[in-house]
Amino acid sequence: MSTDPRRRRATGQTAVRHARLHQQIAAFADGELPGRQRRVVEEHLLRCRECQRELALQREVARALAREPVPSASASLRRRIEWAAEVGRPRR
Amino acid sequence: MNAERKRQSFQSITLPHLDRLLAAASRWSDGQEAEDDVQETYARAWTAFHQLREPAAAFSWLYRILETVANERRRTFARRRDLFPTTELEAAHEEIIAGDGPSPLDSLLSRVEAGRLLGALRSIPRPLAEAVALHDVHGLKYREIAQLTSVRLGTVMSRISRGRDLLAGLLAIEGKRGE
């Protein structure tokens, strides 16, 4: 670690900035960041390999989850629910 | 509203969300229990239908009822059995993003069985799993998730980010064990 206090402070600030931007990568991947913030993250991504890998990870996990088969309600559950709406009471 | 109109309105507004609610219930409990929770949710929704002011918000409204039903059954305790130590998941995630070579995630995800990733949501803390599922599985926007779960937008952002990180860590650990 550097013994120069100014350099140490600068390194600390960079780490804090990196941590803050790193947390925004998911929102960036999901198109949920407003324009200015988005551009700041974009610029950071050009220089930060770790955040580039984080972006790939966030996108891959999100895509894989979106592809997961969602269970569909059985005919019997659907009938029981429609029955509840008929008479106002659940049928067991 | 007369009974027939109420029934028609209830069914047309709430039934389109049935599969999504079952998917949500299945994250907390299995098979028959998940169906029971959903049925109970619809029974309560029917009784309280007059309280639904905005039909477009029906999914959020039904989801809140489902959460209450699931909490009442104390499912959280059952879920905790599946929780994986987060420090291990965090370490595995760090390893993925700090590495120099190609990310192992591609190959891990291509090998994962259908449905396994949804099941893996039970292994990470519930608030994170909920935010990730509401976004990635149910397609809600961050703002909608914030409203639904009564947290700030920044919290949703960090929960989704961290939740996916932990899932990736879990896949990496499972991948190593399977080698």
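Trainee: Which residues in α10(B) do B:E130, B:A131, B:L134 and B:H135 in α9(B) meet?

Mentor: This is a predicted model: local features need pLDDT of at least 70, side-chain atom pairs count only at pLDDT 80 or more, totals for chains, interfaces and linings use all residues, and side-chain values use heavy atoms, leaving out hydrogens and water. Residues are numbered from 1 along each chain as its sequence is written, while chains are lettered from A and ligands numbered from 1 in the order in which they are written. Helices are DSSP runs (H or I, at least four residues), numbered from the N terminus. Contact means heavy atoms within 4.5 Å, and the partners in α10(B) are B:Y142, B:I145, B:L148 and B:T149.

Trainee: How do the residues of that contact divide by class?

Mentor: Ala, Val, Leu, Ile, Met, Phe, Trp, Tyr, Cys and Pro count as nonpolar; Asp, Glu, Lys and Arg as charged; the others, Gly among them, as polar. The contact of α9(B) with α10(B) then divides into five nonpolar, two polar and one charged.

Trainee: What word describes how α9(B) and α10(B) lie to each other?

Mentor: Axes are lines fitted to C-alpha atoms over the stretch in contact, with angles from 0 to 180 degrees between N-to-C directions. Residues 126–137 and 142–149 of chain B pack at about 135°, axes 10 Å apart. Under 35 degrees is roughly parallel, over 145 roughly antiparallel, 65 to 115 roughly perpendicular, and the rest oblique. The two helices are therefore oblique.

Trainee: Is the crossing of α2(B) and α3(B) left-handed or right-handed?

Mentor: α2 (residues 18–28) and α3 (residues 31–47) of chain B pack at about 130°, with axes 9 Å apart. A crossing is left-handed if the near helix is turned anticlockwise from the far one by less than a right angle, and right-handed if clockwise. This one is right-handed.

Trainee: Why is α2(B) largely enclosed by the rest of the structure?

Mentor: Buried means under 20% relative accessible area, against over 50% for exposed and partly exposed in between (1.4 Å probe, protein chains only). Among the buried residues of α2(B) are B:L18, B:R27 and B:W28. The helix is largely enclosed because its buried residues number eight of eleven.

Trainee: Which residues have the most contacts inside the largest nonpolar core?

Mentor: A nonpolar core joins buried Ala, Val, Leu, Ile, Met, Phe, Trp, Tyr and Cys residues through side-chain atoms within 4.5 Å. B:L18 touches residues including A:L77, A:I81, B:V38 and B:Y42. The largest core has 50 residues, and those with the most contacts inside it are B:L18, B:V38, B:Y42 and B:W61.

Technical notes
Lists of a residue's contacts leave out its neighbours within four places in sequence.
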